[in-house]
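Have the structure open as you read, and take the points in order.

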Amino acid sequence: MPHIVISNGDRVHPTVTEADLEDALQFAGTGKYQLFHCLIMLSTLVGAILEMIGIAFILPAAACDLNVPDGLRGILTSLPNIGIILTAPCWGRAADHLGRKPVLLGSLVVAGTMAFIASFMPNLISFAIFKFACSLFLSCPSSLGYAYVSEMLPQKRRDIAVLIINGLVNVMTVFSPGLAWLLLSYNWRYAWGLIDMRPWRLLTAVYSLPLLISALLVLSVDESPKFLMTRGKKTEALEVLKKIYKMNTGKPENTFCVKSLKSPIEKSKLELTGSRCALTTKAPSVSAMALLRAPHLKWFALTGFLMFGLFSFLNGLFLFAPDTINKVMNNPTSSGTVCQLMIENSNSTSTPQCMDEMSYQTFYIMVVTTLVYGVLVTLASVSPLSKKTLLVSMFILVGIGCLVAGLSTNRIIAGIALSSLQITALGIGPLTAYVVHLFPTTLRGTAVGAVLMFGRLGSVVGANVAGMSLSSACMATFYVFALLVFLCAALSLLLPPDHATKTDPSTTES
């Protein structure tokens, strides 16, 4: 039998008449192709994140121009998460039925265009409409990239690739305060028709550019071979694998050792699961209502509440950190806690004294802490600590940070403590992993989606509660959120040890 040398560990593989998809991916190797593909997917994920959290810097700077009432700031801040909650199931189905590439490309183009147009809207209503329209298309680029990365890699490389990309996304969120610092540091105004062009409008447009740039990059990627196989397109899938092989090894495509792909299980037995398009024998249908019955109810309630609490901080209270820190830093002559200084530095958009300038100290604190905390979250994510240890430690640290932010009379310490709320990003991975292990295969996709939906709901509730209460009951806000996060730390102790999730009878696959 003839042999062909490929670059995957310099191993020799015989010419294969037929191979299944997983073996073929292994033979194609890991190298330059996956590196470029991962970088493009990283750009889509970062573009979505910047658009979601960028509103935290845009609103304080646009408050006077758009006449944003204090009571509406929570709603406006939570718009991206509202859109994701409403459309997440639709985008998952679309990606499974139409393909990864066209759905990702279309969502990036529309989201980026709507966000760009929002920067030129003359009033609050039109601005909010286009921002909301953008949010309806953000669910796809904010999540599909992880699945797309996995499906282009051999199985043994997938977990580490997703971990690295997730860590890089955390670190690269520093671009949000970084771009704001770069553009909002200047105070200029240019009359252009019905609107006054100001730095916050330019920042809004700049935040939309990564989405549009990512769309151009996605034009160069190939469709997922796993998706192609689910549609019976074996020839097209093999062509993608040959392209991967050629780019990784530098050898001609005709030297690829796999000459054809084995047909998957009959089409009638294919099961499309979530955004993973898994090829599996179809298991007996299980209603989602099974999550509300024993033995699954206790784990569903526990993980759902923990995800709710986690996101109420990460995408709720934390998004008001820039505005809160800015109000404190703009009152340099007075002393007191954050809440005392915020009351003294009242900045209602309905008064002639409305101020929308962001201080140098605000940007400095946000940029430095976002970078430091992002690196720490990344290192902790790949550490050998157990999932339960990571969750409990994270919740306790965030709770202490919340109390310090509310009680400290030192502005810098209060700002650093308030920025520490972003450490909650550390909990998403371990908590999602718990959900994967705690539920059987027939309920796993439904459980992950439902628990993450609780997280999105927490984002909306947290943002609206923080938006309304920080101006009317500031100290109570910090106490209530601290109580919530300490409660989450205590409830995390009820989760089973890591080894138990592998042997618990209630988690065995059906």
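**Notes for a first look**

1. Start with the overall inventory: the protein chain holds 22 helices and four strands. Please keep in mind that this is a predicted model.

2. How much of the chain is buried? Of its 510 residues, 54% count as buried. The protein chain exposes about 21800 Å², and carbon and sulfur atoms supply 67% of that area.

3. Contacts along the sequence are worth a glance too. Among contacts in the protein chain with a separation of 6 or more, 80% are between residues 24 or more positions apart.

4. Now turn to helix α1, residues 21-28, which is mostly covered. Six of its eight residues are buried, namely L21, A24, L25, Q26, F27 and A28. After α1 comes G29, with a positive phi near 85 degrees.

5. Next, look at a pair of helices: α14 (residues 296-314) and α18 (residues 387-407). Their axes lie 12 Å apart and they pack at an angle of about 40 degrees, which means α14 is oblique to α18. The crossing of α14 past α18 is left-handed.

6. Which residues make this contact? From α14 come L306, L310 and F313, and they meet M394, F395, V398 and C402 of α18. By residue class, the contact of α14 with α18 has seven nonpolar residues, no polar ones and no charged ones. As background, residues three or four places apart in an α-helix point the same way, because there are 3.6 residues a turn.

Key
Residues numbered from 1 in each chain as written. Predicted model: local features only at pLDDT ≥ 70, side-chain atom pairs only at ≥ 80, totals over all residues. Heavy atoms only, no water. Axes fitted to C-alpha atoms, helices over the stretch in contact; angles between N-to-C directions. Helix = DSSP H or I, 4+ residues; strand = E, 2+ residues; numbered from the N terminus. Parallel < 35°, antiparallel > 145°, perpendicular 65-115°, else oblique. Left-handed = near helix turned anticlockwise from the far one by under 90°. Contact = heavy atoms within 4.5 Å. Nonpolar A, V, L, I, M, F, W, Y, C, P; charged D, E, K, R; others polar. Buried < 20%, exposed > 50% of the residue type's maximum accessible area, 1.4 Å probe, protein only. Areas by Shrake-Rupley, 256 points an atom, 1.4 Å probe, with all protein chains shown as cover.
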